[in-house]
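Subject: Structure handover

Hello,

Here is the structure I promised to pass on. Please open it alongside this note.

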Amino acid sequence: AYANRLLQDENAIVILEEPPQLTLLCDHTAFGALLGTYSWQKRISDGTSTAIEADGAHPLDCKDRLLKFDTTETTVTLDFKEKPDAILSVQCWSEDHWGNPDADSEGVVMDGYEMELKPGGYIYEIIAEWSTEESGYGGRAHYSFYVEALGKR
């Protein structure tokens with residue numbers, strides 16, 4: 001019962017062990033992004049900190065791990081379980097570049113947490129950052145996902 005009360009208490013202290021999940025909302029559907037490379041630290045109860053560095057594959061090397069999401073929508077909304085302090089980078093590559101991590105990326109238009117989708121099949125990468133100052137946890141994380149925007153029907 002106590003744990004359930006804490007889950008409902010918006011003032012409860014939450015320490016994230018790793019970067020929060022990123023869910024994408026589009027076409028009345030929610031789908032998850034793939035967590036890639038990240039650097040994360042958290043403060044322990046004795047006042048010390050612990051950190052982890054995880055190296056993930058480049059999004060263009062993840063064809064077997066990224067399921068394609070087809071949509072007729074032109075935008076997708078980023079829904080982080082815990083909002084980042086900053087979105088550092090948003091980029092994409094045409095699906096023609098699968099397996100070529102040296103391919104040049106394209107910029108993506110963002111408006112808050114809403115991202116404009118390019119027509120056709122694209123692999124997107126979001127890099128977000130959380131400050132450790134107030135919460136005691138934070139770092140930087142890369143997320144990727146694959147969308148084919150089919151245009152309005």
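Two strands count as paired if DSSP finds at least two bridges between them. Keep in mind that this is a predicted model.

As background, strands of a sheet pair through backbone hydrogen bonds, either parallel or antiparallel.

Look next at S1 and S6. Strand S1 (residues 22-26) runs antiparallel to strand S6 (residues 75-80), and four bridges join the two. Within this pairing, Thr23 sits opposite Asp79 in S6.

Leu22 is also in strand S1. Its relative accessible area is 0%; because buried means under 20%, Leu22 is buried. Leu22 and Asp79 are 57 residues apart in sequence, yet their C-alpha atoms are 5.8 Å apart in space. Beyond its neighbours within four places in sequence, Leu22 is in contact with Phe31, Gly32, Ala33, Leu78, Asp79, Phe80, Ile126 and Tyr143.

Asp27 is not a glycine, but has a positive phi of about 60°. His28 is not a glycine either, and its phi is also positive, at about 60°. Their accessibility can be read off separately. Asp27 is partly exposed at 29% relative accessible area. His28 is exposed at 86%.

**The cores**

The largest nonpolar core holds 28 residues. Phe80, Met115, Leu117, Tyr124, Ile126, Tyr143 and Phe145 have the most contacts inside it. S1, S3, S6, S7, S11 and S12 are the elements that each give two or more residues to this core. S12 gives the largest share, six residues.

Take Leu117 from that list. Leaving aside neighbours within four places in sequence, Leu117 is in contact with Cys26, Thr71, Glu73, Thr74, Thr75, Val76, Tyr124, Val147 and Ala149.

There is also a second, separate core of nine residues. Among them are Leu60, Trp93, Trp98 and Ala103.

**Aromatic pairs**

How many aromatic pairs are there? The count comes to ten. Take Trp40 and Trp130 to begin with. Their ring centres are 5.5 Å apart and their planes are at 70°, so the pair is edge-to-face. Trp40 is in strand S3 (residues 34-43) and Trp130 is in strand S11 (residues 120-130), so the pair ties together parts that are 90 residues apart in sequence. Trp40 is buried at 2% relative accessible area. Trp130 is buried at 4%.

Now go to Trp98 and Tyr146. The ring centres lie 5.1 Å apart and the planes are at 85°, so this pair is edge-to-face. Trp98 is in the loop between S7 and strand S8 (106-107), while Tyr146 is in strand S12 (residues 137-149). The two residues are 48 residues apart, and the pair links distant parts of the chain. Both Trp98 and Tyr146 are buried.

Ring pairs also join Trp40, Phe80, Tyr113, Trp130, Tyr137 and Tyr143 into a cluster. Phe80 and Tyr143 are also among the residues with the most contacts inside the largest nonpolar core. Tyr113 has a charge over its ring: Lys83 lies over the face, at 4.4 Å from the ring centre.

**One more residue**

Is Ser94 buried or exposed? Ser94 counts as buried, because its relative accessibility is 12% and the cut-off for buried is under 20%. Ser94 belongs to strand S7 (residues 86-94). Apart from its neighbours within four places in sequence, Ser94 is in contact with Gly121, Tyr122 and Ile123.

Best wishes

Technical notes: Residues are numbered from 1 along each chain as its sequence is written. This is a predicted model: local features need pLDDT of at least 70, side-chain atom pairs count only at pLDDT 80 or more; totals for chains, interfaces and linings use all residues. Side-chain values use heavy atoms; hydrogens and water are left out. Buried means under 20% relative accessible area, exposed over 50%, partly exposed in between (1.4 Å probe, protein chains only). Contact means heavy atoms within 4.5 Å. Rings of Phe, Tyr and Trp (its six-membered ring) pair if their centres lie within 6.5 Å; planes under 30 degrees apart count as stacked, over 60 as edge-to-face and the rest as tilted. A charge sits over a ring if NZ of Lys or CZ of Arg is within 6 Å of the ring centre and within 35 degrees of the ring normal. A nonpolar core is a set of buried Ala, Val, Leu, Ile, Met, Phe, Trp, Tyr and Cys residues joined through side-chain atoms within 4.5 Å.
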